[in-house]
Amino acid sequence: MELNISNIQHFSVGDGDGIRTTVFFKGCALRCPWCHNPETLSAAPTTLSYPKLGKTEVRGRRMTVEAVMEEILEDVDFYIESGGGVTLSGGEVLLQAKEAAALAREVKAAGISLFVDTAGHAPRETVEALLPHADTWLYDYKTADPAAFRQVIGGDLALVRDNLAFLLSMGANVRIRIPLIPGFNTDESAVNAIITDLLTLGVKGVDLLPFHRLGSGKYAAMGLEYAYRNTQPMIPREIAEIQKRYQVHFSTHVE
């Protein structure tokens with residue numbers, strides 16, 4: 001069985017607890033215009049060209065479960081020392097749920113912590129395939145506005161809500177991650193709507209991910225225009241004000 005992989009990042013500290021190896025899956029059904037991993041969106045191999053560096057990268061390769069596990073096991077000592085493990089990310093892991101589940105079984109059989117990073121925009125059966133294996137779900141929740149979700153992101157918010165409700169009903173350990181995108185979901189009405197949605201679903205805690213432009217160079221390398229090229233990162237005071245609103249209702253962490 002083969003997986004369509006964009007990249008395997010060793011010594012990752014931003015995708016869950018401790019030092020982790022993050023396996024980035026290729027392909028995504030959504031098109032968030034602020035995405036900092038645009039090379040993962042297409043399921044086809046993607047070329048990134050950096051003329052000033054004289055470098056070209058191709059992201060996207062077929063790998064067997066065994067080959068991915070070989071790379072994962074290289075870092076097992078770091079997982080043990082740091083309380084880390086493996087995070088399956090993307091792109092969208094759920095688009096390769098059968099293959100991801102096969103990898104997840106091997107990860108868990110090796111006694112390694114497994115996190116699944118997802119936007120939740122996939123059929124229920126894909127969530128069910130990974131449910132027995134994931135220790136924690138890192139679950140994106142970008143907006144409570146179905147029209148904004150459809151028009152800006154290109155998907156069905158009801159699917160995301162339904163899958164989240166299912167995971168919570170099954171007692172899964174879910175960490176909600178909210179990207180703070182200026183002009184999209186950071187004004188008072190947008191924040192209040194997300195809070196109402198998450199309270200209705202029974203969510204207890206959220207992680208806030210302030211907008212950054214660290215992936216902007218990838219767009220240029222792919223010959224694409226970055227929609228947020230002129231958007232400035234939020235200043236600490238703005239982030240703190242939003243955090244206070246969420247803290248009234250949830251345990252809150254800013255990444």
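What follows starts with single helices and then moves on to pairs of them. Keep in mind that this is a predicted model.

Let's begin with helix 1, which spans residues 65–73. Its buried residues are Val65, Val68, Met69, Glu71 and Ile72. These residues lie on the same side of helix 1, because they cover an arc of only 160° around the axis. If you look at the face of helix 1 turned away from the buried side, you will find the exposed residues Glu66 and Glu70.

What covers the buried residues of helix 1? The cover includes strand 1 (2–12), strand 2 (20–25), strand 5 (61–64) and strand 6 (85–89), along with helix 2 (76–82) and helix 3 (97–109).

The axes of helix 1 and helix 3 come within 10 Å and cross at roughly 45°. The crossing of helix 1 past helix 3 is right-handed. On the helix 1 side, the meeting residues are Val65, Val68, Met69 and Ile72, and their partners in helix 3 are Glu99, Ala102, Leu103, Glu106 and Val107. Sorted by class, this contact has seven nonpolar residues, two charged ones and no polar ones.

Now turn to helix 5, residues 146–153, where Ala148, Phe149 and Ile153 are buried. Viewed down the axis of helix 5, the buried residues fall within an arc of 100°, so they line one face of the helix. Arg150 and Gln151 are exposed on the other side of helix 5. The buried residues of helix 5 pack against helix 6 (157–169).

Our last stop is another helix pair. Helix 7 (residues 188–201) packs with helix 9 (residues 236–247) at an angle of about 30°, and their axes are 10 Å apart. This angle makes helix 7 roughly parallel to helix 9. Helix 7 passes helix 9 in a crossing that is right-handed. Helix 7 brings Glu188, Val191, Ile194 and Ile195 to the contact, while helix 9 brings Ile242, Arg245 and Tyr246. Five of the residues in this contact of helix 7 with helix 9 are nonpolar and two are charged, with no polar ones.

Definitions and conventions:
Residues are numbered from 1 along each chain as its sequence is written. This is a predicted model: local features need pLDDT of at least 70, side-chain atom pairs count only at pLDDT 80 or more; totals for chains, interfaces and linings use all residues. Side-chain values use heavy atoms; hydrogens and water are left out. Buried means under 20% relative accessible area, exposed over 50%, partly exposed in between (1.4 Å probe, protein chains only). Helices (H or I, at least four residues) and strands (E, at least two) are DSSP runs, numbered from the N terminus. The arc is that of the directions from the helix axis to the C-beta atoms. Contact means heavy atoms within 4.5 Å. Axes are lines fitted to C-alpha atoms, for helices over the stretch in contact, and angles run from 0 to 180 degrees between N-to-C directions. Angles under 35 degrees count as roughly parallel, over 145 as roughly antiparallel, 65 to 115 as roughly perpendicular and the rest as oblique. A crossing is left-handed if the near helix is turned anticlockwise from the far one by less than a right angle, and right-handed if clockwise. Ala, Val, Leu, Ile, Met, Phe, Trp, Tyr, Cys and Pro count as nonpolar, Asp, Glu, Lys and Arg as charged, and the others, Gly among them, as polar.
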